[in-house]
Amino acid sequence: MLNKNSSIAVTSRSFSRNEELKRKLKSHFSNVKFNDSGANFSDDDLVKFLQNCEGAIVSEDNLNREVIEQLPNLKVVSKFGVGTDTIDMKYLKKKKIKFHWKPGLNSTSVAELTIGFLILTLRGAITANRKMLKGDWVKPTFSKELSEIKLGLIGYGNVGKKIADFLQVYKTKILVNDPYLKKDSILPKNISRVTFKKILKDSDVISLHLPLNSKTKNLIKKEEIDYMKKGAILLNLSRGGIVEENALIDALKKKKLAAAAFDVFDKEPKFNKKLVNLDNFFSTPHIAGTSSSSTLKLGISAIEGLALNSKNG
């Protein structure tokens, strides 16, 4: 169990910039350090930062077995965020380190940015903007409204459902593929459950909303892209590593895909510049889940994870 004087470290940059969250955490613990420099931690740097700490609030940090093994004092890990693919959950359990995580807290934030990406790509605004930055005034030849398309949602969890709800008013036709969706689930009239191959073949836009694991790693590679419609659009605001980036680059260069927009990358923060520099590719640095509102929700949940495992409560 933690106590008031336990050493606590916060690796998250978003949390460390939020004065309200910092005050809330300090009301529970007196010995707290934050990532004030905004560092992206390597494994070695992460070990140094968390050394001697009993509690930690982590974000996208690589909390693997080798890192955990070098942190003998660690008792509680609380997640700021929703993904657990960078954390060795089995080894935490083996070392009897408590873990706190609450999914779905930032689903509205992610869904809203997905809609933004969807509209930008459908209207050809991304390529038009790139050309304007080069001094060219060229209107897009590809421009569709939300009511004209079939949107394929691969993953129909908290975020996928929010997106579908937002699009109800536009009467967008939505195709869904999710192995965890119950067979007897009742879906709205504009939503159809289809196979993985059918969603690739029939969708004008495919949006990925999946965790990264052994089954989803490189789920979308050359074979899957070849199966998609010519001129289709691919969105990924879930996890880097789900799309094989070299195959995506090739498809965008050859115009097999009209455009793509990603918030996540296989390597972060050292992203693939060849991909990001393409005129028909739009990118953001993993910001989908960090609106002001969701940052507060995620931070409070992370604080609760430590407080619940403290003698102070």
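**Group meeting: a predicted chain, from single residues to the whole**

Good morning. The model before you is a predicted one. Is V194 buried or exposed? Its relative accessible area is 13%, and the cut-off for burial is under 20%, so V194 counts as buried. Setting aside residues up to four places away in sequence, V194 touches L175, V176, N177 and I199. For a sense of distance, V194 may be set against K4: the two are 190 residues apart in sequence, and their C-alpha atoms are 52 Å apart in space.

Let me now turn to the chain as a whole. Its secondary structure amounts to 13 helices and 12 strands. The radius of gyration is 21 Å, close to the 20 Å that the globule rule gives for 313 residues, so the chain is as compact as a globular protein of that length. Along the principal axes, the C-alpha atoms fill a box of roughly 60 × 50 × 35 Å. Of the 313 residues, 49% count as buried. Among contacts between residues at least 6 apart in sequence, 61% join residues at least 24 apart.

The surface and the charges come next. The chain exposes about 16300 Å², and carbon and sulfur atoms supply 52% of that area. There are 54 positive and 33 negative side chains, and the centres of these two sets lie 3 Å apart.

K22 belongs to helix α2, residues 19-26. With a relative accessibility of 12%, K22 counts as buried. Beyond its neighbours within four places in sequence, K22 is in contact with F15, S16, F34 and D36.

I move on to the backbone. Which residues does a cis peptide bond join? The bond lies between E268 and P269, with omega at about 5°. P269 itself is found in the loop between β11 (257-262) and α12 (273-276).

K96 counts as exposed, at 72% relative accessibility. N218 has phi near 55° and lies in the loop between β9 (205-208) and α10 (222-227). N218 is partly exposed, with a relative accessible area of 27%.

Finally, the aromatic rings. How many aromatic pairs does the count give? It comes to 7. In one of them, F41 and F49, the ring centres are 4.8 Å apart and the planes meet at 35°, so this pair is tilted. F41 is buried at 19% relative accessibility, and F49 is buried at 13%.

A further pair, F117 with F282, is edge-to-face, with 5.3 Å from centre to centre and 90° between the planes. Why does this pair tie together parts that are 165 residues apart in sequence? The reason is that F117 lies in helix α6 (residues 107-122) and F282 in strand β12 (residues 281-283). F117 is buried, with a relative accessible area of 2%, whereas F282 is partly exposed at 26%.

My last item is a group of rings: F262, F265, F271 and F281 form one aromatic cluster. Thank you for your attention.

Conventions
Residues are numbered from 1 along each chain as its sequence is written. This is a predicted model: local features need pLDDT of at least 70, side-chain atom pairs count only at pLDDT 80 or more; totals for chains, interfaces and linings use all residues. Side-chain values use heavy atoms; hydrogens and water are left out. Helices (H or I, at least four residues) and strands (E, at least two) are DSSP runs, numbered from the N terminus. The radius of gyration is taken over C-alpha atoms; the globule rule is 2.2 Å times the number of residues to the power 0.38. Buried means under 20% relative accessible area, exposed over 50%, partly exposed in between (1.4 Å probe, protein chains only). Contact means heavy atoms within 4.5 Å. Accessible areas come from the Shrake-Rupley method with a 1.4 Å probe; for residues, only the protein chains shown count as cover. Lys and Arg count as positive and Asp and Glu as negative; His and the chain ends are not counted. The place of a charge is taken as NZ of Lys, CZ of Arg, CG of Asp or CD of Glu. Rings of Phe, Tyr and Trp (its six-membered ring) pair if their centres lie within 6.5 Å; planes under 30 degrees apart count as stacked, over 60 as edge-to-face and the rest as tilted.
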